[in-house]
Amino acid sequence: MRPVPGPVRSSRRSLLAGLGAAAAGLSFAGLDGCASRGPIGANGEERKLNLYNWDTYTGKTTLSDFKAATGISVRMSLFATNDELFAKLKAGNPGFDVIVPSNEYVTRFRIAELLMPLDHAKIPNRVNLLPGFVNPPFDPGRRYSMPYTWLVLGIGYRKSKMDGVPDSWKWVMDSPRYSGRIGVFSEADDMIELGAKYLGHSVRDIPAALIDRVAEMYIRQKPHIKIFHHDEGQDLLLSGDIDIVMEYNGDIAQVMLEDPDLDFVVPREGSILNSDCLCIPKGAPRPDNAHQFINFILDGHNGAEIYQTIKYPTANAAALALMPPDYRDNPVIFPPPEVMARCEYADFEGLDRAHLFDETVTRIFAA
Amino acid sequence: MDESWTKAKAVFAILAIPPVFWLLAFFLIPLGVIWGYSFGENKSLTEIAVNGTFSNYVHAIKPLYLGIILKSFWFAAVTTVLCLIVGFPVAIAITFATEKSKAWLLLLIMLPFWTNLLIRTYALMAVLRTEGYINFTLAFFWNGLSGLTGLLGHPLGAFQPLELLHNNFAVVFGLVYVQLPFMVLPLYAALDRLDRSLLEASLDLGAGHLTTFRRVVVPLATPGIVSGVLVTLIPSIGAYLTPDLLGGPSSQMIANVIERQFKTANDWPFGAALSFLLMYMTFLAIAVQAIVSRNRRARD
């Protein structure tokens, strides 16, 4: 039984993304004015923290628990895309203490010298990290970032409408079989990089000739594609507008709770890994509070409280151990290791590369 | 009248300060900054060097981008024509309504402005989608009809939902929905001023209703039509939200390309050049239109 039509649900990114442009100028007017100073903590910093985070991305009691433990009250502001986050900070930090960029943007922030190096002595809970997350390629030695969640792109699908498990990118990129019911992610990097992955190349250092081949493939596939979506693939899948879609595992895991006919698979060619990370931007007014907050999140119990709510995969071994089996053994949240072995992080390869990717998707959309 | 305000120059100047400040600080200066960017170059992820280069404009007039601008113009033109066809009878109906119902009808036209465009667009999605309200209603009647014919031994078969969302139809539908008030209001303003006795004279002197409409109403309403067309056409060319949310794989309009330059592509100079290219074209079109209409008036 599928839900009757109703208003479109808002999700982690979609509705907020639309409103973001309108709200951007307003939300921070009084972030850190010279007005009232609150009580000062033992570390000499005001007992406050400005967190800039994704929507629906904390546990129900995370922030109040932190206040109870440290006396520091957290003011959380929300962003909808990494671009919004980057745009807000590139002209100077308006007063944030902790931000949550994805891996590729950790690199961008790092190159732009907008991050403060972390003081590992203040983050003893980093011993809780799973081995795979201690030394990631986008931040060797974790000098600037600590993992919050990770995500993998794959295929979400409606089981009753498929012929078998669609465990190849072919079914969204290169085949008319599910014509008119396909959703493709409209992010330029993800589209091109996954196209290259399907054609047998790494998601990094894609040669120009291969980019053209990927573009031709998408242009050939276009008559069969119903929509290039903006990360609302799970909603389109749930509402029955499409039956097969390129989307993040965490997003599909959330809608699978509402509709047992939905499922998720990471294609056998492999995929792109993403990791949202906690960072301290340069110019943070309360860096010691920020370290306390990061250390607090990396605690097993506090982490488990978050993942129970948001269902994204964790990079934290202590939190994982405290989670119920329907999370720990969920193949959507944690795809099997042989599949994960074929996944890799994409990298920020410079502005010229970003422009080339953008022009390529402009060409695909215009064809 | 003229004299009274020229005498009160000081009062006029004081009253003018806030709007002039507003215009400068929040419109002209930011616009100038973006205009400057359009002659700049990316130096790093966070720095733009304004060095007078034309490379962004050279890039922007590539066939790829001109084609997208042309397509946006085409979407906008279709929208404008549909708005005119739908809006004209509405404006006439309001003009000829009684004073009391006129106020209510105008209120109805303006009512949509009370809700944010984004929210209205999401509502349209709920109406148009495969399992949305239109298809829901159609399926209800289809199944009822199928039940009836089934009694006679000929059921109609399963209902095939209409594909109303995520295609170019949905984009034009959404644009017409959004822009219609902007067409109706100037048309109404022009028609309301129209001297009714001219219509009576035309009908008395033997012209039919169609001829009267064509040769009396339309020429007299021309200023309203022109302003209605301009305020419908120009925002439609730059429509961003509607193609983004309602469109399908081939509904990309120029504003969507510009948006990406300021976000993922992080190429503000190029995005600025594209925006200004669009603005130059619009100015050119308005200038040509003004010259043409002046020449025509001069001939008359």
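User: Against which elements of chain A do the buried residues of α11(A) pack?
Analyst: Buried means under 20% relative accessible area, exposed over 50% and partly exposed in between, with a 1.4 Å probe and protein chains only. Packing here rests on contact, that is, heavy atoms within 4.5 Å. Helices (H or I, at least four residues) and strands (E, at least two) are DSSP runs numbered from the N terminus. The partners in chain A are α2 (62-70), β4 (146-158), α9 (249-256), α10 (287-297), α12 (317-321) and α13 (325-328).

User: On what kind of model do these values rest, and how are its parts numbered?
Analyst: Residues are numbered from 1 along each chain as its sequence is written, chains are lettered from A and ligands numbered from 1 in the order in which they are written, and side-chain values use heavy atoms, without hydrogens and water. Local features need pLDDT of at least 70 and side-chain atom pairs count only at pLDDT 80 or more, while totals for chains, interfaces and linings use all residues, since this is a predicted model.

User: How many of the 11 residues of α11(A) are buried?
Analyst: Among the buried residues of this helix are A:Gly300, A:Ala304, A:Tyr307 and A:Ile310. Helix α11 (residues 300-310) of chain A is largely enclosed by the rest of the structure, because the buried residues number eight.

User: Which residue caps the N-terminal end of α11(A)?
Analyst: A polar contact is a pair of N or O atoms within 3.5 Å; within protein, one must be able to donate a hydrogen and the other to accept it, and residues adjacent in sequence count only if both atoms are side-chain atoms. A side-chain oxygen of the capping residue lies 3.2 Å from the backbone nitrogen of A:His301. That residue is A:Asp299.

User: Is A:Glu344 buried or exposed?
Analyst: A:Glu344 lies in strand β10 (residues 344-345) of chain A. The side chain of A:Glu344 reaches the backbone nitrogen of A:Val203 at 2.9 Å. Beyond its neighbours within four places in sequence, A:Glu344 has contacts including A:Lys197, A:Arg204 and A:Leu273. Its relative accessibility is 14%, so A:Glu344 counts as buried.

User: What is the phi of A:Asp231?
Analyst: Most residues other than glycine have a negative phi. A:Asp231 sits in the loop between β6 (225-229) and α8 (233-239) of chain A, and it is buried, with a relative accessible area of 4%. Its phi is positive, near 65 degrees.

User: Where in chain B is B:Asn266?
Analyst: B:Asn266 is not a glycine, yet has a positive phi of about 50 degrees. With 5% relative accessibility, B:Asn266 counts as buried. Its place is the loop between α12 (254-262) and α13 (268-299) of chain B.

User: Which word describes how α4(B) and α10(B) lie to each other?
Analyst: The axes, lines fitted to C-alpha atoms over the stretch in contact, with angles from 0 to 180 degrees between N-to-C directions, come within 9 Å and cross at roughly 140 degrees for α4 (residues 63-96) and α10 (residues 209-237) of chain B. Angles under 35 degrees count as roughly parallel, over 145 as roughly antiparallel, 65 to 115 as roughly perpendicular and the rest as oblique. α4(B) and α10(B) are therefore oblique.
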